[in-house]
Amino acid sequence: MQPQKPPFHHLHNLLPTQESRAQLSEATGIPLTKINNWLDPDKKSVPKADSLVIMAEYFECSVDYLLDLMKIKDRV
């Protein structure tokens, strides 16, 4: 059995539009193609740890929140 890709529900909520994804890309330097691939359920691409940390800082949340491991966005 192959591991399943996380659904990234919170990341989808934080990046609902192509414009919001482009803003994240511009602000963080993460290529837009990577962001789109992470959010595409048909792609097996997932963010690496360094990208998760960058996004957590950008959104002011925890990496666990981005991975749907926490329900609360606030950092502890």
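Asp68 sits in the segment after α5; helices here are DSSP runs of H or I with at least four residues, strands are runs of E with at least two, and numbering starts at the N terminus. This is a predicted model, where local features need pLDDT of at least 70, side-chain atom pairs count only at pLDDT 80 or more, and totals for chains, interfaces and linings use all residues. Residues are numbered from 1 along each chain as its sequence is written, and side-chain values use heavy atoms, with hydrogens and water left out.

Back to Asp68: its phi is near 65 degrees, a positive value in a residue other than glycine. Phe8, in the segment before α1 (9-14), also has a positive phi, near 55 degrees, and is not a glycine either. For burial, the cut-offs are under 20% relative accessible area for buried, over 50% for exposed and partly exposed in between, using a 1.4 Å probe and protein chains only. Here is how some residues come out:

| Residue | Relative accessible area | Class |
|---|---|---|
| Phe8 | 1% | buried |
| Phe59 | 10% | buried |
| Ser25 | 14% | buried |
| Arg21 | 15% | buried |
| Asp68 | 23% | partly exposed |
| Tyr58 | 36% | partly exposed |

Now for the core. A nonpolar core is a set of buried Ala, Val, Leu, Ile, Met, Phe, Trp, Tyr and Cys residues joined through side-chain atoms within 4.5 Å. The largest one has 15 residues, and those with the most contacts inside it are Leu11, Leu15, Leu24, Ile35, Met55, Phe59 and Leu66. At least two residues of this core come from each of α3 (32-39), α4 (49-59) and α5 (63-66), with α4 giving the largest share, four residues. In soluble globular proteins, nonpolar side chains tend to be buried together.

Leu66 shows who meets whom. Leaving aside residues up to four places away in sequence, Leu66 touches Phe8, Leu11, Leu14, Leu52, Met55, Ala56, Phe59 and Cys61, where a contact means heavy atoms within 4.5 Å.

Next, the way α2 meets α4. Their axes are 11 Å apart and the packing angle is about 105 degrees; axes are lines fitted to C-alpha atoms, for helices over the stretch in contact, and angles run from 0 to 180 degrees between N-to-C directions. On the α2 side the contact uses Gln23, Leu24, Ala27 and Thr28, and on the α4 side Ile54, Met55, Tyr58 and Phe59. Those residues split into six nonpolar, two polar and no charged.

Rings of Phe, Tyr and Trp (its six-membered ring) pair if their centres lie within 6.5 Å, with planes under 30 degrees apart stacked, over 60 edge-to-face and the rest tilted. The count by that rule is one aromatic pair. Tyr58 and Phe59 form it edge-to-face, at 4.9 Å centre to centre with 85 degrees between the planes.

Finally, two residues of α2. Ser25 lies in this helix (residues 18-28), and its C-alpha is 7.6 Å from that of Ile35, 10 residues apart along the chain. Beyond four places in sequence, Ser25 touches Ile30, Pro31, Leu32 and Ile35. The C-alpha atoms of Arg21 and Asn36 are separated by 7.6 Å, with the residues 15 apart along the chain. Not counting residues up to four places away, Arg21 touches His12, Leu15, Leu32, Ile35, Asn36 and Leu39.

Definitions and conventions
Ala, Val, Leu, Ile, Met, Phe, Trp, Tyr, Cys and Pro count as nonpolar, Asp, Glu, Lys and Arg as charged, and the others, Gly among them, as polar.
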